Amino acid sequence: MIELKDIAKSYAQVEAVKKVDLLIPEGSIYGIIGKSGAGKSTLLRIMSLLEPPDRGGVYYGSMRLDTLCGKALLAQRRKMGMIFQNFNLLSSRDAAGNIAYPLEIDGMNKKQIDMRVDELLEMVNISDKKKARLSEMSGGQKQRVAIARALAANPEILFCDEATSALDPQTTRSILSLIRELKERLRITVVLITHQMLVIRSICDEVAVLEQGLIAETGTVDNVFNSPKTQAAREMIYA
């Protein structure tokens, strides 16, 4: 379970996130939607411990994490995976090399790395792309490499930052199907931020609507989409 309590974050004079309280159940696929500038990426960076909040606390279960530093912080970050809209892959490496990278940093030996890379390539259905360069892969294949890399260290949580925004609708559906399959297989929690309503409807169990740095509405996807209670939710759903 991830819990955010009274979270706030500003950059210069801009309040990106203001007084956010949010509870994300363990083992769920939780969506956070909002227009551009609503504070989605800032909230995700705080939740994934990439940035500390100016105010408030980040809790995983009963453990507060935003106050951690040094080795304790790094240990918690290793329990998280992250995938991005632009893949964030290393162009100097092939598919296997990109997946191996975090394992090399962790000091795993080469034999173990090779075995784990093969396992992950099979898991995301691109075993035939093991030695492929990025220039030889489609956007969907690159995102599968990025997902495999994010899962390399067996994280408990997978964060997705607009992970399908650069993909066509058919590829988006295949990636969402993969994420749901992996969530069930690995029993992880998935937190997904997006502005795409298709993504939320297709994959999420619950959703929070973010507007100008505040939580406007939360609930199950069915409840929020079928009976939105706020103007912010209606604008996102019926746009």
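Strands here are DSSP runs of E with at least two residues, numbered from the N terminus. The model is predicted.

**Exercise 1. The cavity**

Determine how many cavities of 30 Å³ or more the structure holds, and find which element gives the most to the lining of the largest cavity.

Solution. 
- Step 1. Count the cavities. The structure holds one of 30 Å³ or more.
- Step 2. Take the volume. The largest cavity has about 40 Å³.
- Step 3. List the lining. Cys160, Glu162, Ala163, Thr164, Leu176, Ile179, Leu192, Ile193, Thr194 and Val199 line the largest cavity.
- Step 4. Assign elements. Helix H6 (169–186) and strand S8 (189–194) are the elements that give two or more residues to this lining.
- Step 5. S8 gives the most, with three residues.
- Step 6. Sort by class. The lining of the largest cavity has seven nonpolar residues, two polar and one charged.

**Exercise 2. A helix pair**

Describe how helix H3 (residues 95–105) and helix H5 (residues 139–151) pack, and name the residues that meet.

Solution. 
- Step 1. Two packed helices are described by the angle between their axes and the distance between the axes.
- Step 2. Read both values. H3 and H5 pack at about 25 degrees, and their axes lie 8 Å apart.
- Step 3. Classify the angle. Angles under 35 degrees count as roughly parallel. H3 and H5 are therefore roughly parallel to each other.
- Step 4. Assign the hand. The crossing of H3 past H5 is right-handed.
- Step 5. Find the contacts. From H3, Ala95, Asn98, Ile99 and Pro102 meet Val145, Ala148 and Arg149 of H5.
- Step 6. Sort by class. The contact of H3 with H5 has five nonpolar residues, one polar and one charged.

How values were computed:
Residues numbered from 1 in each chain as written. Predicted model: local features only at pLDDT ≥ 70, side-chain atom pairs only at ≥ 80, totals over all residues. Heavy atoms only, no water. 1 Å grid on protein atoms, 1.4 Å probe; cavity = no way out; pocket = protein on both sides within 12 Å on 5 of 7 lines; lining within 4 Å. Points joined across faces, edges and corners; volume = space filled by probe spheres on them. Helix = DSSP H or I, 4+ residues; strand = E, 2+ residues; numbered from the N terminus. Nonpolar A, V, L, I, M, F, W, Y, C, P; charged D, E, K, R; others polar. Axes fitted to C-alpha atoms, helices over the stretch in contact; angles between N-to-C directions. Parallel < 35°, antiparallel > 145°, perpendicular 65-115°, else oblique. Left-handed = near helix turned anticlockwise from the far one by under 90°. Contact = heavy atoms within 4.5 Å.
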